[in-house]
Amino acid sequence: MQWTQLPSPATSTGHAVTLQEVSKRYGQGVGAVTALDRVSTAIMPGTFTAVMGPSGSGKSTFLHCAAGLDKPTSGRVLLGTSDLSGLRESQRTVLRRTRIGFIFQAFNLLPSLTVEQNITLPLRLAGRRVDRGWLGQLAEHIGLGDRLTHLPSQLSGGQQQRVAIARALITRPEVIFADEPTGALDPETAREILTLLRQAVDDMHQTVVMVTHDPVAAAVSDHALFLAGGRIATQLASPTPQAVIKLLADLRRAAAC
Ligand code: ADP
């Protein structure tokens with residue numbers, strides 16, 4: 001099907017998301033943990049970025065700081081040209097609702113709401129009207145056009161994640177953050193979900209940043225960032241599963257030394 005073509009968001013930095021020397025420390029004194037250590041990177045609009053790394057390397061912290069869910073201890077995060085650092089929590093909440101889409105491993109749909117109500121929830125929370133044409137296009141594309149009145153409990157895991165993708169896309173956000181979106185799915189269903197995310201980038205000029213531990217999922221991205229010890233250890237353009245597996249093994253070996 002033909003998507004409504006969207007222009008890339010206008011940003012004077014040219015980047016959808018920018019991290020400048022972002023550090024995040026938990027705790028104080030001898031028990032303090034540096035989860036992110038002066039991380040700098042910039043993500044171009046209309047690209048698909050995978051964030052990878054061994055367990056404890058800082059992937060979730062990276063995602064939470066980049067998405068404005070958590071505040072860095074130091075450094076700056078920009079969404080387009082908006083500096084998140086200076087915003088109050090209430091302002092960051094508004095920004096997340098209107099300019100960012102989220103997809104989680106556990107789908108995070110509201111069980112008492114129908115498929116349609118779940119998809120349109122970000123619009124209603126932001127006080128924006130529902131574009132019925134866009135809702136129809138999204139529902140058709142995710143293959144649930146005839147399930148809009150169903151409850152999440154009446155859907156499979158893959159179908160629930162499709163609803164979550166539509167919910168992320170309904171606001172036409174500047175960036176979608178996905179946290180292990182295929183982690184709870186079988187390989188075939190995971191492939192379908194990754195295809196939908198890839199199409200969002202290729203056909204809708206969306207920007208996707210996805211944390212994953214799965215080399216096959218990372219291979220769908222344009223660009224993979226590898227974290228180790230809270231720092232960007234290395235990066236890979238057009239990653240293949242084989243190259244990702246090798247790099248992760250190298251990073252685990254280095255971490256064990
Ligand atoms: P990953 O997602 O790669 O597994 P995380 O970002 O979850 O890594 O964690 C990075 C480091 O920060 C780990 O050492 C983890 O134990 C620590 N960490 C994460 N969240 C907290 C927290 N809320 N309190 C204390 N330490 C934390």
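I began with what covers the buried residues of H3, and the cover includes helix H2 (89-99), helix H4 (132-141) and helix H5 (157-169); contact here means heavy atoms within 4.5 Å. Helices (H or I, at least four residues) and strands (E, at least two) are DSSP runs, numbered from the N terminus.

This is a predicted model, where local features need pLDDT of at least 70 and side-chain atom pairs pLDDT 80 or more, while totals for chains, interfaces and linings use all residues. Residues are numbered from 1 along each chain, and side-chain values use heavy atoms, without hydrogens and water.

Next I looked up H3 (residues 115-125) itself: its buried residues include Val-115, Ile-119 and Leu-123 (buried is under 20% relative accessible area, 1.4 Å probe, protein chains only). After H3 comes Gly-127, with a positive phi near 70°.

Then I turned to the sheet. I found an open one of four strands, ordered E2-E1-E4-E5 with antiparallel pairing (two strands pair if DSSP finds at least two bridges between them). Strands E2 (33-43) and E5 (82-83) are at the edges with a single partner strand each, so one side of each has no neighbour in the sheet. E5 pairs with strand E4 (residues 74-79) in the antiparallel sense over two bridges, and Leu-78 stands opposite Asp-83 in E5. Helix H1 (residues 59-66) packs on this sheet, touching strand E1 (17-26), E2 and E4.

Methods:
Axes fitted to C-alpha atoms, helices over the stretch in contact; angles between N-to-C directions. Buried < 20%, exposed > 50% of the residue type's maximum accessible area, 1.4 Å probe, protein only.
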